[in-house]
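Dear colleague,

Please find below the structure for your review.

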Amino acid sequence: QVQLVESGGGLVQAGGSLRLSCAASGRIVRINDMGWYRQAPGKQRELVGSITRTGNTNYAESVKGRFTISRDNTKNTLYLQMDSLKPEDTAVYYCNADVLAVLVVRNYWGQGTQVTVSS
């Protein structure tokens, strides 16, 4: 069994910063691609950005230049540094990962962490 646990969400004023973390645990052989998604009330879940195992990143246009994704493969942890936050960044943020556990690669989601940006 593999678990992804996000942390670091909270309430911040517009222009502020937050750093989210996602720790993976369980019978992990290797974690391939990882990503952050978010879902605002009444909207569909959307990709914020992703990172390959070797560190190649991809970002949604709405967060480019403000958010930075990174990972620590030795700790099986994914990070999201969010700077210059805007009220429209308010959402539940979810961690996602493709995990090789024993002999099978499966996709996992975390439980989500709330980020609220006040104007």
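Arg38 and Asp89 form a salt bridge through their side chains, with 2.9 Å from N to O, in what is a predicted model. This pair connects distant parts of the chain, 51 residues apart: Arg38 lies in strand E4 (residues 30-39), and Asp89 in the loop between E8 and strand E9 (91-101). Arg38 has a relative accessibility of 6% and therefore counts as buried, the limit being under 20%. Asp89 is likewise classed as buried, at 0% relative accessibility.

Arg38 also forms a salt bridge with Glu46, where the closest N and O atoms are 2.7 Å apart. Glu46 is partly exposed, with a relative accessible area of 37%.

The total is 4 salt bridges. Another of them joins Glu61 to Lys64, with 2.7 Å between the closest N and O atoms. Here Glu61 is exposed, at a relative accessible area of 61%, whereas Lys64 is partly exposed, at 44%. Through shared partners, salt bridges link Arg38, Glu46, Arg66 and Asp89 into one network.

Turning to the sheet, 4 strands make up an open, antiparallel arrangement in the order E1-E3-E8-E7. Its edges are strand E1 (2-7) and strand E7 (67-72), each of which pairs on one side only. On average, neighbouring strands of this sheet are turned by 15 degrees against each other, direction ignored. E7 and strand E8 (residues 77-82) run antiparallel and are joined by 6 bridges; Asp72 stands opposite Thr77 in E8.

Yours sincerely

Key:
Residues numbered from 1 in each chain as written. Predicted model: local features only at pLDDT ≥ 70, side-chain atom pairs only at ≥ 80, totals over all residues. Heavy atoms only, no water. Pairing = 2+ DSSP bridges. Helix = DSSP H or I, 4+ residues; strand = E, 2+ residues; numbered from the N terminus. Axes fitted to C-alpha atoms, helices over the stretch in contact; angles between N-to-C directions. Buried < 20%, exposed > 50% of the residue type's maximum accessible area, 1.4 Å probe, protein only.
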